[in-house]
Amino acid sequence: MMKPLTLKRRGLLLCLLLPFFLILSCGAPEKNRLKQNDEVSRRYFDLGIVNLRDGDTQRALVNFQKALAAEPGNPDIFNGLGLVYFARNELDSAVQNFKKALELDPALAEVHNNLGSALAAQGKKEEAIVHFQAALKSL
């Protein structure tokens, strides 16, 4: 039969186990922080999409910018920003964000299509055709 833990034994047990748990948790905060950033980014990204669908480009812009701050290497966020700027007829900013998305992932057909649309709206038809063709090849 096991003896109940006295205050002294509890203290000793805690002193023995604490270093063990500290060693186990080394490196975990970075991984957890990255995971939390992904979750935060996803929430703001999803809000940005909803705002954009509702026609609220100002809120969409703010939410996509917050998503980007949490996860700066995500091409989908740059695509979302490009869509906001395209909807606001800020074509230079739209093109810039679509190009940044393609720098991060050149195989995104949707982004090639969006960039082609923005370039066509700017009157750059030859360059637009290149991206429309790239979109088709990426499917």
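Tutor: Along the sequence the pattern reads α-α-α-α-α-α-α. The secondary structure amounts to seven helices and zero strands, where helices (H or I, at least four residues) and strands (E, at least two) are DSSP runs numbered from the N terminus.

Student: Where does the model come from, and what are the ground rules?

Tutor: The model is predicted, and local features need pLDDT of at least 70, side-chain atom pairs count only at pLDDT 80 or more, and totals for chains, interfaces and linings use all residues. Residues are numbered from 1 along each chain as its sequence is written, and side-chain values use heavy atoms, with hydrogens and water left out.

Student: What percentage of the 139 residues is buried?

Tutor: Buried residues are 30% of the 139. Buried means under 20% relative accessible area, exposed over 50%, and partly exposed in between, with a 1.4 Å probe and protein chains only.

Student: And what share of the contacts comes from residues 24 or more positions apart?

Tutor: They account for 39% of the contacts with a separation of 6 or more. Contact means heavy atoms within 4.5 Å.

Student: On to the packing. How do you describe a helix pair?

Tutor: Two packed helices are described by the angle between their axes and the distance between the axes. The axes are lines fitted to C-alpha atoms, for helices over the stretch in contact, and angles run from 0 to 180 degrees between N-to-C directions.

Student: Take α4 and α5. What are the numbers?

Tutor: Their axes come within 8 Å and cross at roughly 165°. The two helices are therefore roughly antiparallel; the cut-offs are under 35 degrees for roughly parallel, over 145 for roughly antiparallel, 65 to 115 for roughly perpendicular, and oblique for the rest. α4 passes α5 in a left-handed crossing, meaning that the near helix is turned anticlockwise from the far one by less than a right angle, while clockwise would be right-handed.

Student: Which residues of α4 and α5 meet?

Tutor: From α4, Pro75, Phe78, Asn79, Leu81, Gly82, Leu83, Tyr85 and Phe86 meet Leu91, Ser93, Ala94, Asn97, Phe98, Lys100, Ala101 and Leu104 of α5. By class, this contact has eleven nonpolar, four polar and one charged residues. Ala, Val, Leu, Ile, Met, Phe, Trp, Tyr, Cys and Pro count as nonpolar, Asp, Glu, Lys and Arg as charged, and the others, Gly among them, as polar.

Student: What about the angle between α5 and α6?

Tutor: α5 and α6 pack at about 155°, with axes 9 Å apart. That makes α5 roughly antiparallel to α6, and α5 passes α6 in a left-handed crossing. The contact has eleven nonpolar, two polar and one charged residues.

Student: Then α4 against α6, parallel or antiparallel?

Tutor: The angle is about 25° and the axes are 11 Å apart. That makes α4 roughly parallel to α6. In this pair, Asn79, Leu83 and Phe86 of α4 meet Glu110, Val111, Asn114, Ser117, Ala118 and Ala121 of α6. The residues divide into five nonpolar, three polar and one charged.

Student: Asn79 keeps turning up. Is Asn79 buried or exposed?

Tutor: Asn79 counts as buried because its relative accessibility is 6%. Asn79 sits in α4, residues 75–87. The Asn79 side chain makes a polar contact with the side chain of Asn114 at 2.9 Å. A polar contact is a pair of N or O atoms within 3.5 Å; within protein, one must be able to donate a hydrogen and the other to accept it, and residues adjacent in sequence count only if both atoms are side-chain atoms.

Student: What else does Asn79 touch, skipping neighbours within four places in sequence?

Tutor: Besides Asn114, the partners are Phe98, Ala101, Glu110 and Val111.
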